Amino acid sequence: MSALARGEDGRRRCGWGASTPDYVAYHDDEWGRPVRDDRGIYERLVLEGFQSGLSWLTILRKREAFRKAFANFEIERVARFGERDVTRLLNDAGIVRHRGKIEAAIANAKAASALDVPLSELVWSFAPRRRRRAPRALEELPSITPESTALSKELKKRGFRFVGPTTAYAAMQACGLVNDHIAGCWVRAEVEALSSLRDG
């Protein structure tokens with residue numbers, strides 16, 4: 001896959017972000033744009049955990065079913081899920097039916113509700129202090145970084161599961177802690193501007 005692709009609208013975007021209509025919408029409107037609310041951060045952590053070993057497109061296409069199954073990712077509600085909910089979720093064909101990941105999503109809601117700081121504040125405290133230069137190829141994107149390794153370690157210490165360094169980094173990308181849009185992608189400049197507002 002080439003680093004950049006020109007879409008039907010004439011705009012150049014990251015190659016993966018132009019491959020399907022689902023990806024175009026996610027790439028243009030969401031991926032890399034800052035997510036600052038606890039519910040939004042929790043949703044991305046859960047979905048990235050479910051994605052492990054699967055295509056992100058599979059998760060994206062099941063996203064509304066995941067939202068319905070997990071009470072719209074409202075942390076306090078999911079934290080009250082019990083064994084009956086696990087059974088219900090294991091029988092829900094709309095989501096990925098993996099007991100370990102389902103139980104991790106519930107454990108992560110319990111861990112998030114027990115935090116002494118907001119989840120978003122905790123996660124954003126691991127945003128890199130220095131910006132990297134814009135990647136010019138997909139091969140330049142790391143799968144883990146020192147920050148994602150540290151975030152993973154902190155989350156695990158606080159009771160989170162299925163949040164290894166790779167999953168943590170994918171969540172950091174999705175939530176805008178890093179801007180991994182390829183140089184020349186039209187979204188990159190918008191994300192940079194949003195990051196500047198955050199820093200300013």
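Reader: At what angle do helix α9 (residues 146–157) and helix α10 (residues 165–174) pack?

Author: This is a predicted model in which local features need pLDDT of at least 70, side-chain atom pairs count only at pLDDT 80 or more, and totals for chains, interfaces and linings use all residues. Residues are numbered from 1 along each chain as its sequence is written, and side-chain values use heavy atoms, with hydrogens and water left out. Helices are DSSP runs of H or I with at least four residues, numbered from the N terminus, and their axes are lines fitted to C-alpha atoms over the stretch in contact, with angles from 0 to 180 degrees between N-to-C directions. The axes of α9 and α10 are 8 Å apart, and the angle is about 110°.

Reader: How are α9 and α10 placed relative to each other, roughly perpendicular or oblique?

Author: Angles under 35 degrees count as roughly parallel, over 145 as roughly antiparallel, 65 to 115 as roughly perpendicular and the rest as oblique. With an angle of about 110°, α9 and α10 are therefore roughly perpendicular.

Reader: Which residues in α10 does α9 meet?

Author: Contact means heavy atoms within 4.5 Å. By class, this contact has 5 nonpolar, 3 polar and 1 charged residues (nonpolar: Ala, Val, Leu, Ile, Met, Phe, Trp, Tyr, Cys and Pro; charged: Asp, Glu, Lys and Arg; polar: the others, Gly among them). From α9 come Glu147, Ser148, Thr149, Leu151 and Ser152, and in α10 they meet Pro165, Ala168, Tyr169 and Met172.

Reader: In which hand does α2 pass α10?

Author: α2 (38–51) packs with α10 at an angle of about 135°, with the axes 9 Å apart, and the two are therefore oblique. The contact is made by Arg44, Leu45, Glu48 and Gly49 of α2 and Thr167, Ala170, Ala171 and Ala174 of α10, which divide into 4 nonpolar, 2 polar and 2 charged. A crossing is left-handed if the near helix is turned anticlockwise from the far one by less than a right angle, and right-handed if clockwise. The crossing of α2 and α10 is right-handed.

Reader: Which helix gives the largest share of the lining of the largest pocket?

Author: On a 1 Å grid over the protein atoms alone, a pocket is an open set of points with protein on both sides within 12 Å along at least five of seven lines, a cavity is a set where a 1.4 Å probe fits but cannot get out, and lining residues have an atom within 4 Å of a point. The largest pocket has a volume of about 430 Å³ (the space filled by probe spheres set on the points, which are joined across faces, edges and corners), and of its 17 lining residues Trp31, Glu48, Trp56, Ala170 and Gln173 are closest to the centre. By class the lining has 10 nonpolar, 6 polar and 1 charged residues. At least two residues each come from α1 (21–29), α2 and α10, and the largest share, 5 residues, comes from α10.

Reader: What is the volume of the largest cavity?

Author: The structure holds 1 cavity of 30 Å³ or more. The lining of the largest cavity includes Leu45, Phe50, Lys101 and Arg161, and α2 and α7 (99–113) each supply at least two residues. The lining residues divide into 6 nonpolar, 2 polar and 2 charged. The volume is about 50 Å³.

Reader: How far apart are the axes of helix α6 (residues 83–90) and α7?

Author: Glu83, Val86, Leu89 and Leu90 in α6 meet Arg99, Ile102, Glu103 and Ile106 in α7, a contact with 5 nonpolar, no polar and 3 charged residues. The angle is about 135°, and α6 and α7 are therefore oblique to each other. Their axes are apart by 10 Å.
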